[in-house]
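Here are my notes on the two-chain model you sent over.

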Amino acid sequence: MRSEQEANRAIGQYADTVRRICMLHLKSYSDTEDIFQNVFLKYVLSSVEFTSEEHEKAWIIRVTINACKDLLKSFFHSKTVSYEQLLEEQFHELQVRNTEMNEENKRVLESVLTLPVKYKDVVYLYYYEEYTAVEIAKMLGKNVNTVYTLLARAKELLREKLGGDILA
Amino acid sequence: MHNQIRKALDDIQAEEALKQNTASFLHNRIYCNKAEKQRMPWYGSWLQYGRLATVTTCLCLLLVVFGFGGRSVYMEPVSAISVDVNPSIELGINRWDRVVSVEGYNEDGTALAEVLQEQLNIKYSNYADALDTLINSEYIIGYLENDGAVSITVLGSDDREREKMLSCINACGYMNRPNVSCHAGNHEEAEEAHEHGMSFGKYRAFLELQKLDATVTVEDVQGLSMREIQDRIEKLGGNVTEDTIGNMQHEGGCQEQNSGHSHNGKH
């Protein structure tokens with residue numbers, strides 16, 4: 001079991017990463033709180049020995065994505081909301097928490113959030129975390145060609161939503 | 001596109017309250033003993049010396065114990081986890097959280113136990129890792145995809161151990177999966193279960209069914225899968241969805257067995 005100091009260090013270091021993945025997948029702030037608790041509890045109790053910071057970060061990302069998917073599966077039948085409501089809730093959360101966001105960033109974020117679920121992780125991992133398709137395939141347990149296909153389709157969808165200028 | 005997406009996502013940051021709440025949660029759940037230690041009064045340091053002496057004595061005793069029967073102490077299971085689908089298996093866990101025995105309680109369970117030991121090498125691994133390997137194995141996934149029900153029952157050596165195991169299972173997120181339920185068993189039931197040649201997880205489900213239909217015998221359920229037992233409970237008016245396939249119903253994330261006996265897992 002890891003020490004409290006290690007746990008606090010991990011929270012400080014990876015909270016933003018976990019928050020972004022939660023933002024991509026979840027419907028409410030309370031779900032995000034649940035995921036935070038689950039991810040970092042699992043981190044504390046895990047006996048995995050990390051060989052590097054990158055290894056640790058990749059582990060956190062994988063666990064967070066799996067936790068989000070598990071939560072969505074369990075809640076899917078009993079609790080569904082429309083995308084409009086989801087976006088409204090998420091932007092409201094950001095506004096409430098004094099996060100200032102310019103119109104362009106808001107438009108890009110909205111486009112990413114409204115992508116079908118299967119594209120969100122690859123878009124986030126490729127464009128934001130800058131992992132390679134090979135690394136993403138390993139992380140998500142997918143075929144490398146599948147990752148390339150998902151990226152190409154996601155890019156096409158984003159182009160449709162945002163127009164060619166922003167993607168230049 | 002990299003820059004546009006990066007800029008947009010950069011705006012999302014974890015709120016301080018979220019970080020604080022997570023740290024507090026871990027503190028209360030895992031590290032509370034350390035907090036108690038920090039609150040220790042002035043004579044605490046003397047207590048610490050006392051503890052040091054105790055630890056030293058224990059180490060000496062351990063040396064003696066390891067000299068004469070270390071292996072048997074290591075191999076002695078003090079806790080257990082029963083996983084029942086159609087295969088029924090029990091993982092025996094020693095005081096160092098290592099799986100020291102894998103036992104099947106029906107034909108499928110025996111076959112799965114062999115695979116787990118010989119191919120997936122879960123013996124002597126940490127129980128959380130072992131459970132992760134088991135739940136994500138193609139055998140269990142296969143049952144889940146065919147609407148099978150997976151029941152995980154925890155038998156802790158004491159309250160604290162049980163809570164730790166439940167927290168660990170909760171953290172692994174199994175409870176969020178459809179058709180996976182988690183329970184806490186007790187030692188008395190486990191002994192009865194073993195007398196009948198059943199895992200304690202399946203025996204717990206049998207007792208639940210017997211509450212609704214007193215004519216049901218152990219022999220009746222021995223050949224049934226967990227899904228079939230749960231269907232019979234549901235048919236008899238038992239609240240399977242809420243009471244048996246429990247999802248995160250309380251802080252521990254799993255349901256505790258209140259069957260008239262002390263549910264702390266002690267004899």
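How many of the 14 residues of H8(B) are buried? Keep that one in mind as you look; the helix gets a point of its own first. Bear in mind too that this is a predicted model.

1. The helix in question. H8(B) is mostly covered, with 10 of its 14 residues buried. Among them are B:Met165, B:Leu166, B:Ile169 and B:Ala171, but the list also takes in B:Glu161, B:Arg162 and B:Asn170. The helix runs over residues 159-172 and reaches 20 Å from its first C-alpha to its last, close to the 20 Å expected at 1.5 Å a residue.

2. Its two ends. After the helix comes B:Gly173, which has a positive phi, near 80°. Worth a glance at both spots while you have the helix on screen.

3. Chain B as a whole. The secondary structure comes to 13 helices and 6 strands. Of the 267 residues in chain B, 49% are buried. Taking contacts in chain B with a separation of 6 or more, 59% are between residues 24 or more positions apart.

4. Two salt bridges inside chain B. B:Glu76 and B:Arg95 meet at 2.7 Å, N to O. B:Glu76 sits in the loop between helix H4 and strand E1 and B:Arg95 in the loop between strands E2 and E3, so the bridge ties together parts that are 19 residues apart in sequence. Both ends are partly exposed: B:Glu76 has 38% relative accessibility, and B:Arg95 has 44%. The other pair is B:Asp147 with B:Arg227, where the closest N and O atoms are 3.6 Å apart. This pair links distant parts of the chain, 80 residues apart, with B:Asp147 in the loop between helix H7 and strand E4 and B:Arg227 in helix H12. Here the ends fall into two classes: B:Asp147 is partly exposed at 44%, whereas B:Arg227 is buried at 16%.

5. The interface. Chain A and chain B bury about 4200 Å² between them, 63% of it on carbon and sulfur atoms. In chain A, the residues that lose the most area to chain B are A:Glu4, A:Leu41 and A:Tyr128, together 15% of what that side buries. Counted by contacts, 48 residues of chain A meet 38 residues of chain B.

6. Polar pairs across it, and what chain A brings. There are 11 residue pairs in polar contact between the chains, both at pLDDT 80 or more. The elements of chain A that give two or more residues to this side are helices H1, H2, H3, H5, H6 and H8. H2(A) supplies the largest share, 11 residues. By class, this side of chain A has 26 nonpolar, 9 polar and 13 charged residues.

7. Salt bridges between the chains. Over all chains the count comes to 15 salt bridges, and 2 are between chain A and chain B. One to check is A:Arg20 with B:Asp10, the closest N and O atoms being 4.0 Å apart. A:Arg20 lies in helix H1 of chain A and B:Asp10 in helix H1 of chain B, so the pair joins two chains. A:Arg20 counts as buried at 6% relative accessibility, while B:Asp10 is partly exposed at 31%.

8. Which side chain does A:Asp121 join in a polar contact of 2.6 Å? The partner is A:His25. A:Asp121 lies in helix H6 of chain A and is buried, with a relative accessible area of 4%. Leaving out residues up to four places away in sequence, A:Asp121 touches A:His25, A:Ile65, A:Lys69 and A:Leu140.

Conventions. Residues are numbered from 1 along each chain as its sequence is written. Chains are lettered from A and ligands numbered from 1 in the order in which they are written. This is a predicted model: local features need pLDDT of at least 70, side-chain atom pairs count only at pLDDT 80 or more; totals for chains, interfaces and linings use all residues. Side-chain values use heavy atoms; hydrogens and water are left out. Contact means heavy atoms within 4.5 Å. Buried area is the accessible area (1.4 Å probe) that two parts lose on being put together, summed over both. A salt bridge is a side-chain nitrogen of Lys or Arg within 4 Å of a carboxyl oxygen of Asp or Glu. A polar contact is a pair of N or O atoms within 3.5 Å; within protein, one must be able to donate a hydrogen and the other to accept it, and residues adjacent in sequence count only if both atoms are side-chain atoms. Helices (H or I, at least four residues) and strands (E, at least two) are DSSP runs, numbered from the N terminus. Ala, Val, Leu, Ile, Met, Phe, Trp, Tyr, Cys and Pro count as nonpolar, Asp, Glu, Lys and Arg as charged, and the others, Gly among them, as polar. Buried means under 20% relative accessible area, exposed over 50%, partly exposed in between (1.4 Å probe, protein chains only). The expected span of a helix is 1.5 Å times one less than its number of residues.
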